[in-house]
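User: Hi! Could you walk me through this structure, please?
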Amino acid sequence: MNSSAAKFKHVSEYGIRQLVDAFYAKVRLDPELAPIFERAIPGDWQPHLTKMYAFWSSVMLTTGRYKGNPVVKHLVIPGIQPPLFERWLALFDETCRELFEDAVSEEFRSKAERIAESLKLALFYRPGRPWPPEQAP
Ligand code: HEM
């Protein structure tokens, strides 16, 4: 987005759609993340994007629109590894900052970080192994 364009002051369904579309456009160009996503979503991306509008609507606007189980979905994604979450979060935060004013971006960032942490624990934590993991488990 043009940096001089007005940023959203509040979260709305419209703003969420802009965010999700812009974020996954970046993901699809990212050397680390693109191969994993393109393998998991080889065809039409719109169903994934529509699900993600509902997910962020549930998280940020507590609409309850998302019905699903992200842990189960991520468990079966080939190539997903802990360090990739840093990249995911950096791109997500960058996109939020392009679209939303700082206070709103910060809210997205803190929610995304907490969800990422709980996803990583569910996917990679094993009792008796070091946490956080340095390397692939
Ligand atoms: C390295 C980090 C990540 C990778 C590589 C990744 C990859 C993916 C892929 C490939 C899908 C599509 C799965 C499918 O439809 O078969 C997906 C779905 C999804 N992702 Fe992620 N993801 C990551 C992190 C996150 C984070 C941090 C969040 C939340 C803050 C998140 C939330 C979701 C949700 C809600 C879905 C939809 C699940 C459903 O179908 O109900 N992901 N992810």
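**Helices and the ligand**

Analyst: Happy to! The axes of α5 and α6 come within 10 Å and cross at roughly 165 degrees (axes are lines fitted to C-alpha atoms, for helices over the stretch in contact, and angles run from 0 to 180 degrees between N-to-C directions). That angle is why α5 counts as roughly antiparallel to α6 (under 35 degrees is roughly parallel, over 145 roughly antiparallel, 65 to 115 roughly perpendicular and the rest oblique). This is a predicted model, where local features need pLDDT of at least 70, side-chain atom pairs count only at pLDDT 80 or more, and totals for chains, interfaces and linings use all residues. Residues are numbered from 1 along each chain as its sequence is written.

User: Which residues of α5 and α6 make the contact?
Analyst: From α5 they are P82, F85, W88, L89, F92, D93, C96 and R97, and from α6 they are S105, F108, R109, A112, E113, A116, K120 and F124. Being in contact means that the C-beta atoms, placed from the backbone, lie within 7 Å.

User: What classes are in the contact of α5 with α6?
Analyst: It has 10 nonpolar, one polar and five charged residues. Ala, Val, Leu, Ile, Met, Phe, Trp, Tyr, Cys and Pro count as nonpolar, Asp, Glu, Lys and Arg as charged, and the others, Gly among them, as polar.

User: OK, zooming out. How many helices and strands are in the protein chain?
Analyst: The protein chain has six helices and zero strands. Helices (H or I, at least four residues) and strands (E, at least two) are DSSP runs, numbered from the N terminus.

User: At what angle do the axes of α1 and α3 cross?
Analyst: Helix α1 (residues 13–27) and α3 have axes that cross at roughly 130 degrees and come within 9 Å. So α1 is oblique to α3. In the contact of α1 with α3 there are nine nonpolar, one polar and three charged residues.

User: New topic: which residues come nearest to the ligand?
Analyst: Of the 21 residues around the ligand, those are A40, G68, L84, I115 and A116 (a residue is near a molecule or strand if its C-beta atom, placed from the backbone, lies within 6 Å of it). The elements giving two or more residues to this shell are α2 (34–40), α3 (46–61), α4 (70–75), α5 (82–99) and α6 (102–124).

User: Which one gives the most to the shell?
Analyst: That's α6, with four residues. By class, the shell around the ligand has 16 nonpolar, three polar and two charged residues.

Methods
Two residues are in contact if their C-beta atoms, placed from the backbone, lie within 7 Å.
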